[in-house]
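Please keep the structure open while you read them.

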Protein chains: 2
Amino acid sequence: MASLAEISRICGVSLGATSKALSGKPGVSDATRQRILSVAAQTNYRPNRLVHAIQRGRSMTVGLTCSDFHSDFGGRIVEGMLKVLYEASYDPIVINWDLCVHEGEKVLRTFAERRVDGLLMFPPADQPSQDYLQELRNLRRPIVVVDQVFAGCECYDFVGSQDFEGAVAATEHLLALGHRRLANIFFRQTSTGRARLEGYQHAMAQAGVAIHGKWLCEIGQYESNEAYVRTRELLASPEPPSAILCFNDWVALDVIAAATDAGLSVPRDLSVVGFADLQMSAHIRPRLTTVAQDPREIGRRAAARLVSLLEDREQAPAVGKIGEAAAVAQAAAPVSERVPVKLEVRDSTAAPRGVGK
Amino acid sequence: MASLAEISRICGVSLGATSKALSGKPGVSDATRQRILSVAAQTNYRPNRLVHAIQRGRSMTVGLTCSDFHSDFGGRIVEGMLKVLYEASYDPIVINWDLCVHEGEKVLRTFAERRVDGLLMFPPADQPSQDYLQELRNLRRPIVVVDQVFAGCECYDFVGSQDFEGAVAATEHLLALGHRRLANIFFRQTSTGRARLEGYQHAMAQAGVAIHGKWLCEIGQYESNEAYVRTRELLASPEPPSAILCFNDWVALDVIAAATDAGLSVPRDLSVVGFADLQMSAHIRPRLTTVAQDPREIGRRAAARLVSLLEDREQAPAVGKIGEAAAVAQAAAPVSERVPVKLEVRDSTAAPRGVGK
DNA sequence: CTGAAAGCGCTTACAG
DNA sequence: CTGAAAGCGCTTACAG
């Protein structure tokens, strides 16, 4: 906790010599260097990175707006990010995404004032305000958006999942088992939800299977009992589905609960497919068939992309015409990456009754 | 992104005047102030907090070491922390706890070099190394430990759950239902696990009910299939338990799976109690009886405690005898807080067969 | 009201 | 090899 000045005084040398000795730069005699190093160790000296940040114009921090702390999906994304950032010597300053929705400009101002080098935005839901998007532009720093696509964020790099393809694969799996009365409980408020809905519709159309209006079942939030209630209704209707494709594993859990409470057995009376492959999904009974995402890889790639943008920027000539920095920040064309998903067939899906055997 | 110097130049005033105008301090005429503010807005000026941090000796950041991104328990703790920190104008720099175990000193050096004002340690498992503990002492900043107690960390404030009391309540619940063959699947590697084991033993002793050796069932990790395998063994043994108290909800999930796969029904053939009340626990079937913790409140209190330590420190006279800062950092006696738990009785527990009805 | 100067904790050319 | 000086982006007494 001693300062450079203190160490210099103790050693009876100049600030410059001490600085060089401690940062391993040449220009100090070995004897002096040893003396300085030893005093630094004794006084518990730690270089002040805030000073470095000011001097170099790089804080080696990145802003991370995140929410979805409610399941291991978000948690694993963050884990992947933390690992890559740590290895690249960047530290994340984390702020809850909810705050970005409600007082987003303030959050971004904080990031700007802390001089973060870039931004990792993991926004599980809720479209940010116009003010937020404007402030985002003012930041003039590399940004990578994760998981959800937003209107107004098309200009930033993106890393997410193959939501459309996953829903197609899940639907085709159910169709191949012989299901025709195939419902979809979907969530329209996030881009992932919309993409999965489209995947379902696409696969159904491809197979030439009609979608009964009642089987297209929208929910407004998936942490309420809405999915449960809607499933009970569906199952009690005159034309109940034989299979339900769910927006995600949470919904699937409620669908299974609803079926169980209605006296039905999964998968004998109803097949259920989730999306995510949360930790619990292989541990519940019946083990859940689901479209497995790879959240750690999403987090890793997102962070790696940001780090690479940051390094590129550093490489780029610092001098130049006005506006060049901005140009570099926006990069050429924004890159979108979608990490592959994989259908995990487990025990919650089977051929409908009377089919297959 | 303009600097103070730039704005001063544009406005034709001194640095000092500009500084005062922008920070709302008196000593500038209204006309000048307005001119400066308007230029600042146009040039998108953001004060550099890194400079403030250096000048004031407070970075307004805290280090947060965290892991357990694998369930909503840890996630909610973090949520609670983020909320309180944000309101108190502190920003967290987050590093994965795993790194603290493997290269802990390096992580703490990073925190020291970034001049975090305090530390929030949320360590789900794994005793940190001696080097880590030493470096922790060198930090000389307020520290609050969360959830797990460690040897070597007794000198820091702590916020956790009533683990012992929770296990007692769960055991008494099962005893009251009439269970006598009451097994416990426990986890000895964390302090919470040990406290819960003690709670079980205490309640059993109080009730004068003997614990069959086989019913004391230790697992080495709860993210493997160990709990599942051990439960299958237990249930197939000559004296199977009629109820199992589980270290946490993840274990309970596997116990229910094992019972189901063994052709048993929960709670008819076996009662199961968890610990945590994770998101899923009220959604699975049977709905899980569990000791509900309050992770958001844990996070909130831990952060609030740290903030209050930080403010106290600021109040304290900066001058004084050598060593006073250290004394303030350690505070008087460390405070331990345990957030109450609540037994949530749901559908996974019932009277043993042949009892009660 | 306004400006010049010192200082926060460093690093980095630049002289000796 | 070593020291004095300028500078990073500010704030804060201190003179005018």
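1. Ala236(B) lies in helix H10 (residues 226-236) of chain B. Helices (H or I, at least four residues) and strands (E, at least two) are DSSP runs, numbered from the N terminus. Is Ala236(B) buried or exposed? Ala236(B) is exposed, because 10 other C-beta atoms lie within 10 Å. The cut-offs are these: buried means 20 or more other C-beta atoms within 10 Å of the residue's own, exposed means 12 or fewer, and partly exposed is in between, with C-beta atoms placed from the backbone. Ala236(B) and Gln148(B) are 88 residues apart in sequence, and their C-alpha atoms are 34 Å apart in space.

2. A word on conventions. The model is predicted, so local features need pLDDT of at least 70 and side-chain atom pairs count only at pLDDT 80 or more, while totals for chains, interfaces and linings use all residues. Residues are numbered from 1 along each chain as its sequence is written, and chains are lettered from A and ligands numbered from 1 in the order in which they are written.

3. Look at chain A as a whole. Chain A has 13 helices and 12 strands. Its radius of gyration is 27 Å, well over the 21 Å that the globule rule gives for 357 residues, so chain A is more spread out than a compact globule. That radius is taken over C-alpha atoms, and the globule rule is 2.2 Å times the number of residues to the power 0.38. The C-alpha trace of chain A spans about 90 × 45 × 30 Å along its principal axes. Of the 357 residues of chain A, 50% count as buried.

4. Next, the domains of chain A. They are domain 1 (4-47), domain 2 (59-161 + 295-338) and domain 3 (163-294). These bounds come from an automatic or database domain assignment. The centres of domain 1 and domain 3 of chain A, taken over C-alpha atoms, are 65 Å apart.

5. How many residues of chain A are in contact with chain B? The count is 46 residues of chain A, in contact with 46 residues of chain B. Contact means that the C-beta atoms of two residues, placed from the backbone, lie within 7 Å. On the chain A side, the elements that give two or more residues are helix H4 (49-56), helix H5 (72-87), strand S2 (91-96), helix H6 (97-113) and helix H11 (249-261). H5(A) gives the most, with 8 residues. By class, this side of chain A has 20 nonpolar, 12 polar and 14 charged residues. Ala, Val, Leu, Ile, Met, Phe, Trp, Tyr, Cys and Pro count as nonpolar, Asp, Glu, Lys and Arg as charged, and the others, Gly among them, as polar.

6. Now DNA strand C. It is surrounded by 25 residues, and the closest are Ser3(A), Leu4(A), Gly16(A), Ser19(A) and Gly16(B). A residue is near a strand if its C-beta atom, placed from the backbone, lies within 6 Å of it. H2 and H4 of chain A, together with H2 and H4 of chain B, are the elements that give two or more residues to this surface. The surface near DNA strand C has 11 nonpolar, 13 polar and 1 charged residues.

7. DNA strand D has 24 residues around it. The closest are Gly16(A), Ser3(B), Leu4(B), Gly16(B) and Ser19(B). The surface near DNA strand D has 10 nonpolar, 13 polar and 1 charged residues.

8. Helix H12 of chain B covers residues 295-315. At 1.5 Å a residue, its 21 residues should span 30 Å, and its end C-alpha atoms are 30 Å apart, which agrees. The expected span is 1.5 Å times one less than the number of residues. Among the buried residues of H12(B) are Pro295(B), Ile298(B) and Leu309(B). What covers the buried residues includes helix H5 (72-87) and strand S1 (61-66) of chain B.

9. Finally, check some backbone angles. Most residues other than glycine have a negative phi, and most peptide bonds are trans. Phi of Arg115(B) is near 60 degrees, a positive value. Arg115(B) counts as buried, because it has 21 C-beta neighbours inside 10 Å. Phi of Ser89(A) is near 70 degrees, also positive. Ser89(A) counts as exposed, with 9 such neighbours inside 10 Å. The peptide bond from Arg285(A) to Pro286(A) is cis, with omega near -5 degrees.
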